[in-house]
Amino acid sequence: QVQLVESGGGLVQPGGSLRLSCAASGSFFSIETMGWYRQAPGKQRELVARITSGNSTNYADSVKGRFTISRDNAENTVVLQMNSLKPEDTAVYYCNAVAVTVYKGIYWGQGTQVTVSS
């Protein structure tokens, strides 16, 4: 099994910054893709950004140029640096990982709230 633990959410004013971190632990052979998704009230969960083990990245159009995803393969961590935050970024952010144990599986963190408001 793989456990994902997020940290770093909170309340920030528009234009501010937050840094989300996620650490993976448990028994696995490797972690392929790590990423961040978000879900706002009344909306579907959507991809924010993801990064492969080779550090290839992709971002939602709405966050390009403002958010940066990075990972440390040795520590099995992923970080989402969020700058120039907007009220529409308000959501619960979930860490996601595709990991190989005895099979390849998709794992989720418990979620962390990000609120952008003045």
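Analyst: Before we start, a rule for strands: two of them count as paired if DSSP finds at least two bridges between them. The strands themselves are DSSP runs of E with at least two residues, numbered from the N terminus. This is a predicted model, where local features need pLDDT of at least 70 and side-chain atom pairs count only at pLDDT 80 or more, while totals for chains, interfaces and linings use all residues. Residues are numbered from 1 along each chain as its sequence is written, and side-chain values use heavy atoms, leaving out hydrogens and water.

User: OK, so what makes β1 and β3 a pair?

Analyst: Six bridges join β1 to β3 (residues 18-26), in the antiparallel sense. The rule asks for at least two, so they pair. One spot to look at is Glu 6, which faces Cys 22 in β3.

User: Which sheet do they belong to, and why are some strands said to stand at its edges?

Analyst: It's an open antiparallel sheet of four strands, ordered β1-β3-β8-β7. β1 (2-7) and β7 (67-72) each have a single partner strand, so one side of each has no neighbour in the sheet. From one strand to the next, the twist averages 15°, using lines fitted to C-alpha atoms as axes and angles from 0 to 180 degrees between N-to-C directions.

User: How do you know that β9 is largely enclosed?

Analyst: Eight of the 10 residues in β9 (residues 91-100) are buried, so the rest of the structure largely encloses this strand. Buried here means under 20% relative accessible area, exposed is over 50%, and partly exposed is in between, with a 1.4 Å probe and protein chains only.

User: Why are Tyr 37 and Trp 108 called an edge-to-face pair?

Analyst: Ring centres of Phe, Tyr and Trp (its six-membered ring) must lie within 6.5 Å to pair; planes under 30 degrees apart are stacked, over 60 edge-to-face, and the rest tilted. These two are 5.0 Å apart, centre to centre, with 70° between the planes, so they pass as a pair and as edge-to-face.

User: Is each of the two buried, partly exposed or exposed?

Analyst: Tyr 37 has a relative accessible area of 17%, so it's buried. Trp 108, at 36%, is partly exposed.

User: What makes Arg 66 buried, and what does its side chain reach?

Analyst: The relative accessible area of Arg 66 is 10%, so it falls under the 20% limit. A polar atom of the Arg 66 side chain lies 2.8 Å from the backbone oxygen of Ser 62, and one lies 2.9 Å from the backbone oxygen of Ser 84. Arg 66 is found in the loop between β6 (57-59) and β7.

Key:
A polar contact is a pair of N or O atoms within 3.5 Å; within protein, one must be able to donate a hydrogen and the other to accept it, and residues adjacent in sequence count only if both atoms are side-chain atoms.
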